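User: I'd like to learn how to read an interface between two chains. Can you walk me through one?

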Protein chains: 2
Amino acid sequence: MSKEPSSNLESAMQMLIKTFHKYSGKEGDKYTLSRGELKELLTEELGSYLGNSKDNEAVEKVMNDLDANNDGEVDFTEFIILMGALTVACNDFFLDSKPEDKGKDGAGKKD
Amino acid sequence: MSKEPSSNLESAMQMLIKTFHKYSGKEGDKYTLSRGELKELLTEELGSYLGNSKDNEAVEKVMNDLDANNDGEVDFTEFIILMGALTVACNDFFLDSKPEDKGKDGAGKKD
C-alpha cells in the first residue's frame with residue numbers, strides 16, 4: 001500500500017482500504033469490524049453524516065443492516081456496500097440541491 | 001461540494017463524486033457516462049489497473065457489464081458498483097499478498 005496513487009480514484013480506493021484496516025485491526029478478527037470497531041469508525045470518520053450521536057442506536061441500526069450473515073462482524077465487502085450507498089445518497093443530495101442545472105443544454109435525465 | 005472533507009472517508013466519497021461528474025458532464029446526458037466518457041474515465045483515472053489497453057475491448061466489457069438497463073449509458077449507481085467491486089478486489093489482493101500476517105494473535109479469519 002506504499003505505492004503512490006496516480007489518480008483521484010486510486011486515492012479514494014486506498015483511503016477506503018486503509019480506513020477499514022485502521023479500525024478492523026484493533027481487536028479480535030483483524031479483517032472484520034466488531035461492533036466496537038464499527039462504532040469508532042462511524043463516529044470518528046463519518047461523525048458529520050451521522051450527527052455525532054452519542055447513543056448506540058445509529059450504530060446498532062447500521063450494524064444490523066450490514067451484518068448480513070449475522071455474526072456480529074462487518075467484513076470489507078459489507079463495509080464497501082455501506083460506503084457505496086452513502087456515496088450514492090450524497091450524490092443524489094448534491095443533484096437535488098442544484099435543480100436549476102438539470103435542464104440545461106437539453107441534457108437532463110432521460111428515462 | 002466546496003465544504004472541506006473532515007476525514008479520509010469523506011474525501012474518498014467526494015473524489016468519487018467529483019471524478020464521475022468531471023467526465024459525465026462532457027457530452028449528452030450530464031448525469032450519466034456515455035461509452036466515450038466511460039472510456040476516457042477508465043483510461044485516464046484507472047489506466048494502471050486496466051493495463052492502459054489502447055483497444056476498446058476492456059471498455060466494451062465494462063460497459064456491457066455495468067449498463068444494467070442497456071441504454072448505452074452508465075449512471076452514478078452503476079459507477080459506484082464498479083468502484084466497489086474494484087476496491088474489494090484490491091483489498092483481497094493486498095490480503096493475499098501478506099499471508100504471513102493472517103494467523104497472528106490467533107486473529108485470523110473465522111469461518
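User: What rotation and shift superpose chain A on chain B?

Analyst: First, the ground rules. This is a predicted model, where local features need pLDDT of at least 70, side-chain atom pairs count only at pLDDT 80 or more, and totals for chains, interfaces and linings use all residues. Residues are numbered from 1 along each chain as its sequence is written, chains are lettered from A and ligands numbered from 1 in the order written, and side-chain values use heavy atoms, without hydrogens and water. Now your case: 180 degrees with 0.0 Å of shift along the axis puts chain A on chain B, RMSD 0.0 Å (least squares on C-alpha atoms of residues with pLDDT of at least 70 in both). That's the relation of a two-fold axis. In chain A, the C-alpha nearest the axis belongs to Ala12(A), 2.1 Å away.

User: How much area do chain A and chain B bury between them?

Analyst: Interface size is often given as the accessible area lost when the parts come together. Here that's about 4,200 Å², 68% of it on carbon and sulfur atoms (1.4 Å probe, summed over both parts). On chain A's side, Leu9(A), Met13(A) and Tyr31(A) lose the most, together 18% of what that side buries. The contact (heavy atoms within 4.5 Å) takes 47 residues from chain A and 45 from chain B.

Key: Buried area is the accessible area (1.4 Å probe) that two parts lose on being put together, summed over both.
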